[in-house]
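This report looks at aromatic rings and at charges placed over them. The structure comes first, and the description follows.

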Amino acid sequence: MTHDEVIRKLNTTFCEVFDDDIELSDETTAADIEGWDSLTNVRLLVQIELDFDISFSSYEIADISNVGELANIIVSRF
Amino acid sequence: MLFNSYEFILLFLPITVIVYYRISSFDSRQLSLGFLAFASLFFYGWWNPSYLILISVSLVTNYFIGTTLQSENIQKRVKTLLLIVGIVFNLGLLSYYKYGGFIVEIVNDIYDRDINWANVILPLAISFFTFQQIAFLIDSAARRVKHSDFLEYVVFVTFFPQLIAGPIVHHKEMIPQFSSIKLNITSNHLKIGMMLFAIGLFKKVILADSISEYVAPIYDTAVDGQVTFLQAWIAGIGFTLQIYFDFSGYSDMALGAARMFGIILPINFNSPLKASSIIDFWSRWHITLVRFLTAYIYTPLSLRATRKAVMRKGKANSRTKTIDFITTLTIPTLITMFLSGFWHGAGYQFLVWGTLHGVYLVINHSWRMMLPAFVSDKKRYERFFRPFGLVITLLAVFFAMIYFRADNLEIANSMAASMIGLNGISLPEAIFNHLGEAKGIFLKIGIGPDTTTGSQITYGSIYCVVLLFIALVLPNSLDMMRNYTPALNYSIKKHERDDLYSNNKLVHFLIWKPNRFWAITCGITLAVGLMSLQRLSVFLYWQF
């Protein structure tokens, strides 16, 4: 998958998890999305695992600053 | 060495900055970093040179283990073992120096013994550099670390602006800065750095230290007996404001000092009292510590349980929903906040403080989860509820802070009891005397006059009001400097952008630029701070 494809697919997941119309970009952070806290973060990651059929290890996702970094980790899986 | 001392502000900092600028003309990264390492270790060893042995051992051991963990040729089992050895080493040092006495106290309490633990002097900064290096080890094992040489590593851990009391920096935000350390520093760095430092000094020396003069006597009273309802409230609100400006001031001084060397540290404090929920509060108070605990404790604990919960989403019944709620949220949150309390101090009162906040968070998250059932219009709800949320959050924070400040659990409980009116509710004597005929009624329902020192209550209240205004209404130092990247990861939260950029003249007035007005303001602020240094000052986050 390319980076852009990942972002587009992530967008769907985000909209579903946060029940809101969201437009993701590489620079999107938790401050930009209402309701993205530590609890919903874990839910989000698990949903991403299901949607992309991948599995994260705990320390891989320990320190993601923005959506761009998240996308990079996913891209490296394919 | 403390930031708020003459030797630091008038000697160490200026000399270090000047020498650093001279050295950068040699255009050698090694030399520049070497000097920073030397200065930082000098700074650390100032109080007690024997600490240097401890930190050197820690640095060398962690660097060696970390670098080994980064290698590609290492077997998985060896890697895990080595990582555990590394973490145990770090936590072991921390436990010995910081928690030895407390652990013995707990053992004594449980088993009714009387073991003696000789008081070990707590080495400075040990909580900070321990956590910083543990993060480094874990990320090395996950191979998310770009290799750095030993010199870069030393500066990363010991860089004096962040060494003593944070922020807890992450290697990936620091190493690139040290690798490409700008050898031609612009004068803007100095100006930004000085402004931030001046603001921080002012907050610490003028704001925090003034209100502490009204808080300390109340805590002293509590040692011998009860405090009144009013006193407890002034202590709760006052201490919260004291530690707020203490920590906020320190964070600003750290940011400022680092900036003078062209280094940008991560954000650690962002107007926490403006939070409209306790969840929001913890995204603004001690941001780097919360970041660490969330990444290495909360998320791993919650991840497995959440996978199970999401798997059975379709087939969930009320029993499994309760289990999921406990395993995905309640337990990870309570453990994380309990550990946060434990990290802050070796005493039962800190554990209570941490656990209280854990409970607050669980309640807050539960509320958020239940909302969609009653509220259809999220935006209207948020606009309406925000002021209530703000007040509830403030009250929760004030209450829990009583525990943070008290010397022990007994005093804390006594003050907390007074705060919720268990020891009677009192009004200021002056106000009570004006009640006239109604006095009788008030007395009947248990509200009486407060006969403790009138001026203490009056001045204490005034200080609380003024400082609360500053904390709740004014833009903070980062907001003021926002056109010049004052800190990493600083971003204005979405709902605040509209507020801040609205027709708020005060905000526009208080935006920093490198012009003469701000230069003069900086000078005055610094001078005022310097002149007030003579007063006795307690720096709270010092003991970590």
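## Aromatic rings in chain B

In this predicted model, B:Phe3 and B:Tyr250 are both buried. Over all chains, the count of aromatic pairs comes to 60. B:Phe3 and B:Tyr250 form a stacked pair, with 4.6 Å centre to centre and 5 degrees between the planes. This pair links distant parts of the chain: B:Phe3 is in the segment before α1 (6-24) of chain B, B:Tyr250 is in helix α10 (residues 229-259) of chain B, and the two are 247 residues apart.

A tilted aromatic pair is formed by B:Phe102 and B:Phe342. Their ring centres are 6.2 Å apart, with 40 degrees between the planes. Distant parts of the chain are linked here too: B:Phe102 belongs to helix α4 (residues 76-111) of chain B and B:Phe342 to helix α13 (residues 318-344) of chain B, 240 residues apart. B:Phe102 counts as buried because its relative accessibility is 3%, under the cut-off of 20%. B:Phe342, at 24% relative accessibility, therefore counts as partly exposed.

Charged side chains also lie over rings. The charged end of B:Lys98 is placed over the ring of B:Trp343, and B:Arg405 lies over the face of B:Tyr219. The table gives the distances.

| Charged residue | Ring residue | Distance from the ring centre |
|---|---|---|
| B:Lys98 | B:Trp343 | 5.3 Å |
| B:Arg405 | B:Tyr219 | 4.5 Å |

Definitions and conventions:
Residues are numbered from 1 along each chain as its sequence is written. Chains are lettered from A and ligands numbered from 1 in the order in which they are written. This is a predicted model: local features need pLDDT of at least 70, side-chain atom pairs count only at pLDDT 80 or more; totals for chains, interfaces and linings use all residues. Side-chain values use heavy atoms; hydrogens and water are left out. Rings of Phe, Tyr and Trp (its six-membered ring) pair if their centres lie within 6.5 Å; planes under 30 degrees apart count as stacked, over 60 as edge-to-face and the rest as tilted. Helices (H or I, at least four residues) and strands (E, at least two) are DSSP runs, numbered from the N terminus. Buried means under 20% relative accessible area, exposed over 50%, partly exposed in between (1.4 Å probe, protein chains only). A charge sits over a ring if NZ of Lys or CZ of Arg is within 6 Å of the ring centre and within 35 degrees of the ring normal.
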